[in-house]
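Subject: Structure handover and notes

Dear colleague,

I am passing on to you the structure below, together with its sequence. Please keep it open while you read the notes that follow.

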Amino acid sequence: MTNNSYKTLLILLFFSLFQLACGDTKKSATNEPFGDCQFGAPKAIFNAKIPKVTQHTFQLNTQSAVEKVQFDGGLSLELIQSGCEKPKQEFQFTIPSNTQAFNDGDWLTMGVDLFAFMGNLAPELQPFLLWQGALKDKINQLKIGLPHQLEPGFFVKIDKVVGGDKGLLLVTLYQE
């Protein structure tokens, strides 16, 4: 794959994931949440009918949408979507185990693996597999806690919160 086609793919991936979560491309009324956004208000990406999803909630707020997903095995996700012109998606995964012995490489690999997990749950979630591939290709360049530019203006940041009973993995995809 050429460098230009790789760049184009990453840009398309970002917008496909954001559009998957957004309403139709018509503008909403300006007094509604995300009313002035080109893509409209975010919509839930997951639902309770997806295999391995045991609980699901979605709340649309004025400036953000918060989706909470509980998976089989205790893994949970809080997905916060915000931004209009420059969309941002923050994936907050709660890891239900002691994470104190995990090194930075373990956290980065887990982030890549979680995108593969989500992408394999249902056909409509396959854009996550494209993100998994893009992150996997850049894994040696990624650093915990530091933003990494995937394309001009498109960034990923992976961070962690270590814990004895559980850990938190944060993956943020955003545009600047």
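F91 is buried, with a relative accessible area of 0%, where buried means under 20% relative accessible area, exposed over 50% and partly exposed in between, computed with a 1.4 Å probe on protein chains only. This is a predicted model, in which local features need pLDDT of at least 70 and side-chain atom pairs count only at pLDDT 80 or more, while totals for chains, interfaces and linings use all residues. Residues are numbered from 1 along each chain as its sequence is written, and side-chain values use heavy atoms, with hydrogens and water left out.

F91 forms an edge-to-face aromatic pair with F128, at 5.8 Å centre to centre and with 80° between the planes; rings of Phe, Tyr and Trp (its six-membered ring) pair if their centres lie within 6.5 Å, and planes under 30 degrees apart count as stacked, over 60 as edge-to-face and the rest as tilted. Because F91 lies in strand β4 and F128 in helix α3 (residues 127-138), this pair ties together parts that are 37 residues apart in sequence. Helices (H or I, at least four residues) and strands (E, at least two) are DSSP runs, numbered from the N terminus. F128 also counts as buried, at 0% relative accessibility, and it forms an edge-to-face pair with F115, at 5.7 Å centre to centre and 65° between the planes. F115 lies in helix α2 (residues 104-119) and F128 in helix α3, so this pair ties together parts that are 13 residues apart in sequence. F115 is likewise counted as buried, at 0% relative accessibility. One aromatic cluster is formed by F46, F71, F91, F93, F115, F117 and F128, and the count of aromatic pairs comes to nine.

Turning to the overall layout, the secondary structure of the protein comes to three helices and seven strands, and from the N terminus on the elements run α-β-β-β-β-α-α-β-β-β. The seven strands form an open sheet in the order β1-β2-β3-β4-β7-β6-β5, with antiparallel pairing; two strands pair if DSSP finds at least two bridges between them. At the edges stand β1 (53-60) and β5 (147-151), each with a single partner strand, so one side of each is left without a neighbour in the sheet. Neighbouring strands of this sheet are turned by 15° against each other on average, direction ignored, where axes are lines fitted to C-alpha atoms, for helices over the stretch in contact, and angles run from 0 to 180 degrees between N-to-C directions.

Within the sheet, strand β3 (residues 76-82) is joined to β4 by seven bridges in an antiparallel arrangement, and L77 stands opposite F93 in β4. Eight of the nine residues of strand β7 (residues 167-175) are buried, so β7 is largely enclosed by the rest of the structure.

Helix α3 lies across β4, β5, β6 and β7, running at about 110° to β5. The buried residues of α3 are P127, F128, W131, Q132, A134, L135 and K138; seen down the axis of α3, they fall within an arc of 170° (the arc of the directions from the helix axis to the C-beta atoms), so they line one face of the helix. The face turned away from the buried side of α3 carries the exposed residues K136 and D137.

L135, in helix α3, counts as buried at 1% relative accessibility. Leaving aside its neighbours within four places in sequence, L135 is in contact with V112, F115, L142 and V156. L135 and F115 are 20 residues apart in sequence and 9.1 Å apart in space, C-alpha to C-alpha.

With best regards

Definitions and conventions:
Contact means heavy atoms within 4.5 Å.
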